[in-house]
Amino acid sequence: MKMRYILAFVVLFFPGLIFAQEKYRSDFLYNFDLYRQDQEQYRINKLSYLDFQSIDSKSKAIASQRQVIVSRNLVLKTYFQHLYEQLQLSKNDTQDYSQIKQMVDSVIADLDDMNESIQAIDDLDSLNSFSDLIEENRVYYNNLSKLIKDVIYFNKLNKLHLKYGTDIVQKLKEEYGQAEISLYYDRDLQNSLSSINSQNEVIVQAIINFPEEELMDERSKSQNSLITEINDYHNQLQNHLRIIQEIITNDFKLNR
Amino acid sequence: MKKITKSEQNINFLKNQSFESNEPIFQDFESESPLNDNAKRNWFEKLLSIKVAIVALSFIGIIALLLVFVSVKDKVIPTTQGQLSPTPIPTLTTQPGFLQELKNDQKVIEGIRLEEDNLEFPSLDWDIYISP
């Protein structure tokens, strides 16, 4: 009987436990869907107003223009919440991204403010100016999203670095019960270890000291160099894992 | 010469027999005779149960062999000569331990860039502008 209750509990709550970790993802997808509907409505009303120039069509066009800007802001807000949530899920306990958190919080507060103040605007010219003002932030939003994605990408690699970047020989010896690895692989392994360790440290520093003003630049040099370094690190980590695999296959597995 | 009759032969034979022997002269054929109904039935039932047991064991054995054959069949890889290799080539799923873990992580590394596509900045219309 007890078993039945436990089973029922697991069946009912287990999916909830999994998805509880990603609460902003569905918000983002939902808002994106609403935005697309609003955008379609805006397009129809805008064409109708441009064709007929009537008072009624004008008020409908203004209402739908305001609505699509509000929807778009909600998409951006939930997107950054979702992105930041993914960053939190990808990082390890010791990492601190307070600078990124500040930037995301500031973007979300701005978007909320805009959605509040847009409600008071009811003429076409003011709405157009307001829309222009928001468009100026486009590069910043884009660059901020790239930066967070790069950090998530690095964090995922970093988790593997924590696993394979330290004392790997000891772990192999425990697993395969062998005292030595060949000099050839020992040299290769030491080289790749020192290379990925130093590269890892470079990227950590680049993320921590990332200049915020670069996010306003459409061709941000810091961002480009960060992504180049992460891609390079990606390849080095892949190479490192390949060397470990060769050690297991050639040095350990065959002599087991 | 005195002719010995058949009955005298029998008497002489009986005289020569040692009655002190422990062996019974007349055995109780009736009690052990297969012709006895009860004994015949018991004997037949025993035989029947042995046959059933043998058939059941053979059946189980055949099923077990079939199962072994089916499970091994997929793992045996034909060589280029058309013969079967004696030992199955280890695959990712059959290799336990650290090597398996490592291979999974190599796949993770390959897939990280693809996962990132799910976080792509949404495609939005920034030209929300009405000019009559």
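**Entry 1: salt bridges between the chains**

I began with the interface of chain A and chain B, where I find three salt bridges. The model is a predicted one. Over all chains, my count of salt bridges comes to nine.

I took A:Lys149 next. Its partner is B:Glu120, with the closest N and O atoms 3.3 Å apart. A:Lys149 sits in helix H6 of chain A and B:Glu120 in the segment after helix H4 (97–116) of chain B, so this pair joins two chains. Is A:Lys149 buried or exposed? I get 7% relative accessibility, and the cut-off for buried is under 20%, so A:Lys149 counts as buried. B:Glu120 is partly exposed, at 43%.

I then looked up A:Lys163. Its side chain meets that of B:Glu101 in a salt bridge, 3.2 Å from N to O. This pair also goes between chains, from helix H4 of chain B to helix H6 of chain A. B:Glu101 is partly exposed, with a relative accessible area of 31%. A:Lys163 is partly exposed as well, at 30%.

B:Asp105 forms a salt bridge with A:Lys163 too, and here the closest N and O atoms are 2.7 Å apart. B:Asp105 lies in helix H4 of chain B. At 10% relative accessibility, B:Asp105 counts as buried. I note one network, in which shared partners join A:Lys163, B:Glu101 and B:Asp105.

**Entry 2: the area of the contact**

How much area do chain A and chain B bury between them? I get about 3900 Å², with 65% of it on carbon and sulfur atoms. A:Arg72, A:Lys149 and A:Gln245 supply 14% of the area that chain A buries against chain B, more than any other three residues. The contact takes 55 residues from chain A and 29 from chain B.

**Entry 3: helix H8 of chain A**

I checked the length of H8, residues 183–208. At 1.5 Å a residue, its 26 residues should span 38 Å; the end C-alpha atoms are 38 Å apart, which agrees. Its buried residues include A:Tyr185, A:Leu193 and A:Ile203. The buried residues of H8 pack against helices H4, H6, H7 and H9 of chain A.

I picked out A:Asn200, which is in H8. A:Asn200 is buried, at 7% relative accessible area. Leaving out residues up to four places away in sequence, A:Asn200 touches A:Phe154, A:Asn158, A:His161 and A:Tyr233.

**Entry 4: a surface patch on chain B**

Last, I looked at the surface. B:Trp43, B:Phe44, B:Leu47, B:Leu48 and B:Val52 form a nonpolar patch, together about 520 Å² of accessible area. B:Trp43 belongs to helix H3 (residues 37–73) of chain B. At 57% relative accessibility, B:Trp43 counts as exposed.

Technical notes:
Residues numbered from 1 in each chain as written. Chains lettered and ligands numbered in written order. Predicted model: local features only at pLDDT ≥ 70, side-chain atom pairs only at ≥ 80, totals over all residues. Heavy atoms only, no water. Helix = DSSP H or I, 4+ residues; strand = E, 2+ residues; numbered from the N terminus. Expected span 1.5 Å × (residues − 1). Buried < 20%, exposed > 50% of the residue type's maximum accessible area, 1.4 Å probe, protein only. Contact = heavy atoms within 4.5 Å. Patch = residues over 30% accessible without salt bridge, like charges linked within 9 Å, V, L, I, M, F, W, Y side chains within 5 Å. Areas by Shrake-Rupley, 256 points an atom, 1.4 Å probe, with all protein chains shown as cover. Salt bridge = Lys/Arg side-chain N within 4 Å of Asp/Glu carboxyl O. Buried area = accessible area lost by both parts, 1.4 Å probe.
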